[in-house]
Amino acid sequence: MSAPSEDNTAAHAQLASQFFGDLLESIIVDVASECHRIARLGLDQNLEDEEEELKLSTQARVRAADPGNSGEANSKYVVDIFGQTHPPVANEVFECMNCRRSIMAGRFAPHLEKCMGKGRKASLKAMRSSTAAQNRHSRAALLGYSPYSNSNGTTRLSNGSTSIAGDELSNGTCDEP
Amino acid sequence: MQEAFEIINVKLMESGEKERLMELLRERLIECGWKDEMKSLCRAYVKKKGRNNVTLDDLIYVITPKGRASVPDSVKAELLQRIRSFLVSTSL
């Protein structure tokens, strides 16, 4: 072929751009495909949880706003020493720092349970992700024991919770008695 | 130009370079959060329409404009550089 020239470079640049666009389009289709599959198979745990959360939040808000409720609810509308009243369910909405969703303050604790992994669903969700599996295996190998012997089925290996004495690799040094 | 594209496309695939380029681009787009952004666009759309009313074409349509526009310059530059090197190497 001809020696490199300005025309060649311009042609190359255009071709390169075309190929880049081709690659990007394939990746876009892949991502859309993945999301479509997750949506149709209902694999997005969060979507169901969000709908449930929304339902429970609105229910709680209705209960909070209803003055004709039980005596317990009524007593909470008594004015405090600063002349303020507080609704029985905290209804301020803010962003969860873990999953970045909008959560009602009064429902934050139950949400955190699911979001951070106490509940069965959430810990199953965490177990399903491959990175969680890799982390479990590599940390288990480091500490020299099987991950499945851990008691209450949590997938997090918090430091200091193992019952192995002495040999724990803290900073890489070994203690000789 | 189209002919050149086709010829080089074949060379890219036969040499395995296309696969490598694809994986490189995929990796970079994950690292910079682009994929997460696209996924969250999809999830928002699915939430709005209801998960059983969403087609693949819908999602492609939803993320393509933003997807094309939000590739970081550094990522694009890296890939273009790789592609141009390949073009030079095959032209000789």
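Mentor: Chain A has a mean pLDDT of 71, with 56% of its residues at 70 or more. Chain B averages 94, and 99% of its residues score at least 70. For the model, ipTM is 0.95 and pTM is 0.54.

Trainee: What does the model show for residues 153–158 and residues 160–170 of chain A?

Mentor: In residues 153–158 of chain A, pLDDT stays under 50, and the model has 12 contacts beyond four places in sequence for them. Residues 160–170 of chain A also stay under 50, with 7 such contacts. Where pLDDT is low, predicted coordinates should not be read in detail.

Trainee: How do you know that the span of H1(A) is close to the expected one?

Mentor: Helix H1 (residues 6–40) of chain A has 35 residues, for which 51 Å is expected at 1.5 Å a residue; the reach from its first C-alpha to its last is 51 Å. Just after H1(A), A:Gly42 takes a positive phi of about 65 degrees.

Trainee: Why is the pair of A:Phe19 and B:Phe5 called stacked?

Mentor: Ring centres must lie within 6.5 Å, and planes under 30 degrees apart count as stacked. Here the centres are 4.4 Å apart and the planes are at 15 degrees, so the pair is stacked. This pair crosses between chains, from A:Phe19 in helix H1 of chain A to B:Phe5 in helix H1 of chain B. Over all chains, the count is 2 aromatic pairs.

Trainee: What makes H1(B) roughly perpendicular to H2(B)?

Mentor: The axes of H1 (residues 2–15) and H2 (residues 17–31) of chain B come within 4 Å and cross at roughly 80 degrees. Angles of 65 to 115 degrees count as roughly perpendicular, and H1(B) is therefore roughly perpendicular to H2(B).

Trainee: Which residues make this contact?

Mentor: B:Asn9, B:Leu12, B:Met13 and B:Ser15 in H1(B) meet B:Glu17, B:Lys18, B:Arg20 and B:Leu21 in H2(B). By class, 3 are nonpolar, 2 polar and 3 charged.

Conventions: Residues numbered from 1 in each chain as written. Chains lettered and ligands numbered in written order. Predicted model: local features only at pLDDT ≥ 70, side-chain atom pairs only at ≥ 80, totals over all residues. Heavy atoms only, no water. Axes fitted to C-alpha atoms, helices over the stretch in contact; angles between N-to-C directions. Helix = DSSP H or I, 4+ residues; strand = E, 2+ residues; numbered from the N terminus. Parallel < 35°, antiparallel > 145°, perpendicular 65-115°, else oblique. Contact = heavy atoms within 4.5 Å. Nonpolar A, V, L, I, M, F, W, Y, C, P; charged D, E, K, R; others polar. Expected span 1.5 Å × (residues − 1). pLDDT = per-residue confidence, 0-100. Phe/Tyr/Trp six-rings, centres within 6.5 Å; stacked < 30°, edge-to-face > 60°.
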